[in-house]
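Me: I would like to learn how to read salt bridges in a protein model. Could you take me through the topic with the structure below?

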Amino acid sequence: MNWLRKIIDKIFNKNKVKLLEEPKKIEDKPNTFILELRQTANLEVDDGNGYGIIKRKSLKEMV
Amino acid sequence: MENEEKFFDEDVKDVKFVDRDYYYRLYKNELQIPIKFKNHYGELAKKLPNLKRIQVPIDKDNEFYLGLREFVKNCNDDLTVQQGYISPVGVATKEEFLKGEEIIQKEVDKINTNWNREQKIAHVHYRMGDMISYYPDFNFDGRYVGDRASHDVRNIWKSVADGVSVCNGIAAIELTILSRVGVPTKILHGSRHVFLLHELERGNLLTDATWDLAQSLYQAKPLHFCFTYEQIREMESKQGRNSHELEEVPENIIGIEENELREICYSIGITNEDRTFKLPIKGLVDEINSGHFENKSEKEIMFLRKFLEHFPREATHLSETRSMLECCLADLGIEGNIETKFVYEKEDNGHRNKILAIHINEAGMKDSIRIMNLQEMKFENIGIKEFDKKYRVHQRDTAEPFWKKYLPQQEMGAKETELQQ
């Protein structure tokens, strides 16, 4: 299934969408596959709600 | 339905009632049953024994919510309260509503009626860190933003009752409090984030209490208060973010300079007399920095132990504590890369118990991970191999867990899936 994986990588940004399992063939339907994709994310930094973590700000700047 | 209409006053506008039996009929027929609260709240509730849900706005005055609370108290226990009625969001149970309303009312009562709008805005902004901890959507097993679990977490009463929410809920809570004390406020919707606009006579102010939750919880200077749109966009663009990007930029936005910010905060009692912010955790960091330790690891362990002793309540606000601990560790002279992550025990399939893990990539510290055990209020040190056996990231967080790169090479090879590059 490497050829399919390469196509998926080209279509999607491979850092953002991950193929979870090997594509499954459907026995009675030739050239048909089931894919399960999941969007990857460091969810606590980019969970879709725009939450911002203060990164390494000096405490002096917060007084 | 017709029999119930006679119980309602004529010029009702504010609350749309729905009943489970009638909800779909109402929706399809586009009927609204208005109600104006008067003194017969209890009697009215008794006449609607089948009432299952009410939809209420969040931007009314205090008198409205005082009446609403009395009404809900007398309704049946199955009643649910949905927020908003043009685009309703999230549902709270009757118990959550009443608990949430009690908390909100206490916050309203803390606001000095003689304060000007800037003071009221600053006060409410600064209260949010105490009231709410940020709780990412995926921890509610919401499969996507828009499903039931994601909606309910945004309900202001549920959020306040539970003490957790996301940006939509936090902004809505602020809006309801400020509306009740006469400060006109609107919610602004970026592509992935919401924040607030407040109307003054001299112009409009922008605030983001969600991004200042750590600041307000730990009594630090707010970093996202009364910025101009250009300021916030410049700041976040440097971080590669566009959370505050708006399709339509509001007009007449004014910023507040630092001196004025400090004066406002001093006038409402949240700074010292010299206008510096209290930030008690800095005192702890300074104390640790002035001590003598054999090595940095010992220093770090002492700080983490004392942190839990002095800030046990704040420690339970995990998202905010994570941010602040990263800053503190940096100030303690930890130069190596600090990585923090929320993890779960592998048996915790429901993601019930979120645990904060800290790793410091520095000599003497990099082979272990510290986890914050809130049940026993202590930090535990675990070797990375043992940690990897016991803990994992959230199932929907498919980014590579940071500690994998510190595992011995043969362990990494065994654990790689055929899908990794």
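This is a predicted model: local features need pLDDT of at least 70, side-chain atom pairs count only at pLDDT 80 or more; totals for chains, interfaces and linings use all residues.

Me: How many salt bridges does a search of the whole structure find?

Reply: The count over all chains is 29.

Me: Which parts of the chain does the pair B:D77 and B:K94 link?

Reply: A salt bridge is read from the distance between a side-chain nitrogen of Lys or Arg and a carboxyl oxygen of Asp or Glu, which must be within 4 Å. For B:D77 and B:K94 the N to O distance is 3.0 Å. B:D77 sits in the loop between α4 and β3 of chain B, and B:K94 belongs to helix α5, 17 residues away.

Me: What are the accessibilities of B:E101 and B:R180?

Reply: B:E101 has a relative accessible area of 0% and B:R180 one of 7%, so B:E101 is buried and B:R180 also counts as buried. Their side chains meet at 2.7 Å, N to O. The bridge joins helix α5 to helix α9 of chain B, across 79 residues.

Me: Why does the pair B:E339 and B:K405 tie together separate parts of the sequence?

Reply: Because B:E339 lies in strand β11 and B:K405 in the loop between β15 and α18 of chain B, the pair connects parts 66 residues apart. The N to O distance is 2.8 Å. B:E339 is buried at 12%, while B:K405 is partly exposed at 48%.

Me: Which residues do shared partners join into one network?

Reply: The network consists of B:E107, B:K110, B:R127, B:D130, B:R313 and B:E314.

Key:
Residues are numbered from 1 along each chain as its sequence is written. Chains are lettered from A and ligands numbered from 1 in the order in which they are written. Side-chain values use heavy atoms; hydrogens and water are left out. Helices (H or I, at least four residues) and strands (E, at least two) are DSSP runs, numbered from the N terminus. Buried means under 20% relative accessible area, exposed over 50%, partly exposed in between (1.4 Å probe, protein chains only).
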